[in-house]
Amino acid sequence: MAATTTTDASPKYRAPTDFHPEIPELSISENPHDGLRFWQFMVAGSIAGSIEHMAMFPVDTLKTRMQALVGSGSYPVPNFNVRQACKSIIKNEGAAGFYRGIGAMGLGAGPAHAVYFSVYELCKQFFSRGDPNNSVAHAVSGVCATVASDAVFTPMDVVKQRLQLKSSPYKGVVDCVRRILVEEGIGAFYASYKTTVIMNAPFTAVHFATYEAAKRGLMEVSMDIADDERLVVHATAGAGAGALAAIVTTPLDVVKTQLQCQGVCGCDRFSSSSIGNVVKIIVKKDGYHGLMRGWIPRMLFHAPAAAICWSTYEASKDFFHRLNGNPGN
């Protein structure tokens, strides 16, 4: 039932009468969750990102431990699965070992996700040009969002991963930041930025495009679903998108972890931070399977994390929609 003109759109996705893509808020919107102020997107994203990463932090610690082993020392790393990593942490450090570095995550996740989702919403509005089903616009918007948010999050991600390592030499967030600045310089905080962006660009493109498509498909199954069922739709679509994107981009995540942890706890220090150089060293020491080390905890992290993040984000947006006097979704 395609509309023949911009003033004859379907009731569900009626085009705005006065469209200005450069302005972040609209009085009439194609998407039921749009029409929020810029700061509301930021708050919703910050809440979603913080809850997501705090809830799934123990799994992230397992992933970091497994990936940091790749390339350590002069010999191939023996098989080290999720259960062995978990038993090692519990035996040597107790339950607290799973949460070492969570302070750095808390400092980075909120601001980074505020930037992430606000940039995504603004870019989606600009690139979609009134078409809520434009998957290309969703993917491109996701890439723009990750480039901006990674610039905010990467320094704290470096601190987080170094604190997560077994026998980490740092006493805490402040000590880690100070020693990196003194011993390696400010550039160490961004040694993995290029790799992070190259990893997260396809991750986010796959994630957002899959999420929007899955959400649209699930919503079409029942057009008149209750609010609690709608949250299940967001969680299901987010979980599927997160799992797929995580598996596809695991090799680049291994490279990123190696760059961020280089020179610490036995991890190699690389003469060049280029992706090709790090990949060559990993493959030489651990074979091609070394590039997929940690894919299981990475998938186990991103599937529920994405479900938590998207459902929290959409719930927060819905709250602001009602606060703005626009409850009819």
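This is a predicted model: local features need pLDDT of at least 70, side-chain atom pairs count only at pLDDT 80 or more; totals for chains, interfaces and linings use all residues.
Reader: Is Lys166 buried, partly exposed or exposed?
Author: Buried means under 20% relative accessible area and exposed means over 50%. Lys166 has 44% relative accessibility, so Lys166 counts as partly exposed.

Reader: Which residues gather with Lys166 in a patch of positive charge?
Author: This patch is on the surface. Lys and Arg count as positive here. Along with Lys166, the patch holds Arg83, Lys87 and Lys91.

Reader: Which residues make the nonpolar surface patch, and what is its area?
Author: The patch is made by Trp39, Val43, Ile47 and Ile51. One of them, Ile51, lies in helix α1 (residues 38-55), and at 40% relative accessibility Ile51 counts as partly exposed. The area of the patch made by these residues is about 340 Å².

Reader: How many salt bridges are there?
Author: Side chains of opposite charge can pair when their charged atoms come close. The cut-off used here is a side-chain nitrogen of Lys or Arg within 4 Å of a carboxyl oxygen of Asp or Glu. By this rule, the number of salt bridges is 17.

Reader: What separates Lys63 and Asp60 along their helix?
Author: These two residues form a salt bridge, with their closest N and O atoms 3.9 Å apart. Lys63 is buried, and Asp60 is buried too. Both belong to helix α2 (residues 57-68) and are three residues apart, so what separates them is about one helical turn.

Reader: Which residue meets Arg162 in a salt bridge?
Author: The N to O distance in this salt bridge is 2.6 Å. Arg162 lies in helix α5 and its partner in the loop between α6 and α7 (193-221), so the pair ties together parts that are 22 residues apart in sequence. Arg162 counts as buried because its relative accessibility is 1%. The partner of Arg162 is Glu184.

Reader: How many residues apart in sequence are the parts that Arg269 and Glu184 tie together?
Author: Arg269 forms a salt bridge with Glu184, and the closest N and O atoms are 4.0 Å apart. Arg269 lies in the loop between α9 (250-261) and α10 (275-286), while Glu184 is in the loop between α6 and α7, so the parts they tie together are apart in sequence by 85 residues.

Reader: Is Arg269 buried, partly exposed or exposed?
Author: The cut-off for exposed is over 50% relative accessible area. Arg269 has a relative accessible area of 52%, so Arg269 is exposed.

Reader: How many helices and strands does the protein chain have?
Author: Read along the sequence, the chain follows the pattern α-α-α-α-α-α-α-α-α-α-α. The count is zero strands and 11 helices.

Reader: What percentage of the residues count as buried?
Author: The protein chain has 329 residues. Buried means under 20% relative accessible area. The share of residues that count as buried is 49%.

Note on methods: Residues are numbered from 1 along each chain as its sequence is written. Side-chain values use heavy atoms; hydrogens and water are left out. Patches are made of residues with over 30% relative accessible area and no salt bridge: like charges are joined within 9 Å, nonpolar side chains (Val, Leu, Ile, Met, Phe, Trp, Tyr) within 5 Å. Accessible areas come from the Shrake-Rupley method with a 1.4 Å probe; for residues, only the protein chains shown count as cover. The place of a charge is taken as NZ of Lys, CZ of Arg, CG of Asp or CD of Glu. Buried means under 20% relative accessible area, exposed over 50%, partly exposed in between (1.4 Å probe, protein chains only). Helices (H or I, at least four residues) and strands (E, at least two) are DSSP runs, numbered from the N terminus.
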